[in-house]
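Me: I have a structure open and want to go through it with you. Can we take it piece by piece?

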Amino acid sequence: LHGWPILPENMISTRPGPMLAAADRFDITVTGLGGHAAMPHGARDPIVAAAALVQAIQSIVSRNVDPVQGAVISVTMFNAGSAFNIIPETCTMSGTVRALHEEAMTTVRARLEQVVQEIASAYGCKASLDYHVGYPVTRNDEAEVETVLDTARSVLEEDQVQLLEAPGMGAEDFSYYCEQVPSCFFVVGLLPPDRDSMPMLHHPCFDFNDDVIATGIEMFCKLALNNQG
């Protein structure tokens, strides 16, 4: 069970099949030749190469992944340099790759390695990719989803129980349970009735809505009692 800030307070929701994405992480180091900012022709600027690489990475999803499957690549860290008048020797960046289908994930992993090497080479630099395979897809069992939704209807009003319209690209370590036994990852709405929005998960101002705790407890108690045999 996970709190969900975009759903109304105490609403229970889930869906069969892929619920959350697989998520990998990557670290890239671009190495050039440092020099004076006034004489860039005597250097090989890793910042320029890395900036081009950030742009090129985005084309992997738009031009290599089946649009029906979908994926996302986000570069979330970019670091280089120590002074305004020095071209540094290295530039580093990190980010995440996410997808709901293994075929899409495989395509992105392979293309990322190619793009990193070839873009760096085009700018006279070298690059290394350190790729970390992370959480798999959180995949819900259809029968367990029905069990959770039926239980929710015994706890809440009918209009407080719904199928989630689409999977999300977040990731969960609960996915490892889903790979071993029939499972259901479900969410409870956190958005108070007097508000139009609230800070999202991982936002520095996020504050869990304690008014939904009782609903979560009752859900788990009834799920346990109804599945003793």
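Me: What do the buried residues of H3 pack against?
Reply: This is a predicted model. In it, the buried residues of H3 pack against strand E2 (12-14), strand E10 (138-140), strand E11 (161-163) and helix H5 (213-225).

Me: Which residues of H3 are buried?
Reply: Val145, Val148, Leu149, Thr151, Ala152 and Val155. They cover an arc of only 160° around the axis, which puts them on the same side of H3.

Me: Why would a helix line residues up on one side like that?
Reply: An α-helix has 3.6 residues a turn, so residues three or four places apart point the same way.

Me: What span should H3 have, and how far apart are its ends?
Reply: Helix H3 covers residues 142-155, which is 14 residues. At 1.5 Å a residue that should span 20 Å, and the end C-alpha atoms are 20 Å apart, so the two agree.

Me: What caps the N-terminal end of H3?
Reply: Asp141 does. One of its side-chain oxygens is 3.1 Å from the backbone nitrogen of Ala143.

Me: Take Val148. Buried or exposed, and what does it touch?
Reply: Val148, in helix H3, has a relative accessible area of 5%, so it counts as buried, the cut-off being under 20%. Leaving out residues up to four places away in sequence, Val148 touches Cys184, Phe186, Met219 and Leu223. Of those, Met219 and Leu223 are among the buried residues of H5.

Me: And Glu144, how accessible is that?
Reply: Glu144 is also found in helix H3, but at 28% relative accessibility it counts as partly exposed. Its contacts, not counting residues up to four places away in sequence, are Pro182, Ser183 and Cys184.

Me: How far is Glu144 from Pro182?
Reply: Along the chain they are 38 residues apart, while their C-alpha atoms are separated by 6.8 Å. For another pair, Val148 and Asp210 are 62 residues apart in sequence and 21 Å apart in space, C-alpha to C-alpha.

Me: OK, over to H5. Which residues are buried there?
Reply: Thr215, Gly216, Met219 and Leu223. They cover an arc of only 100° around the axis, which puts them on the same side of H5. The buried residues of H5 pack against E2, H3 and E12.

Me: What is on the face turned away from that buried side?
Reply: The exposed residues Ala214 and Leu225 are carried there.

Me: E2 keeps turning up. What about Ser13 there, buried or exposed?
Reply: Ser13 lies in strand E2 and is buried, with a relative accessible area of 0%.

Me: What does the side chain of Ser13 reach?
Reply: It reaches the backbone nitrogen of Leu164 at 3.1 Å. Leaving aside neighbours within four places in sequence, the contacts of Ser13 are Leu7, Met19, Gln162, Leu163, Leu164, Phe186 and Val187.

Me: There's another serine I wanted, Ser175. Where is it?
Reply: Ser175 is in helix H4 (residues 175-180). At 0% relative accessibility it counts as buried. Not counting residues up to four places away in sequence, Ser175 touches Tyr135, Pro136, Val137 and Thr138.

Me: New topic, backbone angles. What phi does Asn10 have?
Reply: A positive one, about 70°, although Asn10 is not a glycine. Asn10 sits in the loop between E1 and E2 and is buried, with a relative accessible area of 13%.

Me: And His202, where is that and what is its phi?
Reply: His202 has a positive phi of about 75°, and it is not a glycine either. It is found in the loop between strand E12 (187-191) and H5. His202 is exposed, with a relative accessible area of 81%.

Me: Last thing, pockets. What volume does the largest pocket have?
Reply: About 540 Å³.

Me: Which residues lie nearest its centre?
Reply: Trp4, Leu20, Gly170, Ala171 and Leu201, out of 22 residues that line the largest pocket. Strand E1 (residues 2-8) gives the most to that lining, with 5 residues.

Key: Residues numbered from 1 in each chain as written. Predicted model: local features only at pLDDT ≥ 70, side-chain atom pairs only at ≥ 80, totals over all residues. Heavy atoms only, no water. Helix = DSSP H or I, 4+ residues; strand = E, 2+ residues; numbered from the N terminus. Expected span 1.5 Å × (residues − 1). Buried < 20%, exposed > 50% of the residue type's maximum accessible area, 1.4 Å probe, protein only. Arc of directions from axis to C-beta. Contact = heavy atoms within 4.5 Å. Polar contact = N/O pair within 3.5 Å; in protein donor to acceptor, adjacent residues only side chain to side chain. 1 Å grid on protein atoms, 1.4 Å probe; cavity = no way out; pocket = protein on both sides within 12 Å on 5 of 7 lines; lining within 4 Å. Points joined across faces, edges and corners; volume = space filled by probe spheres on them.
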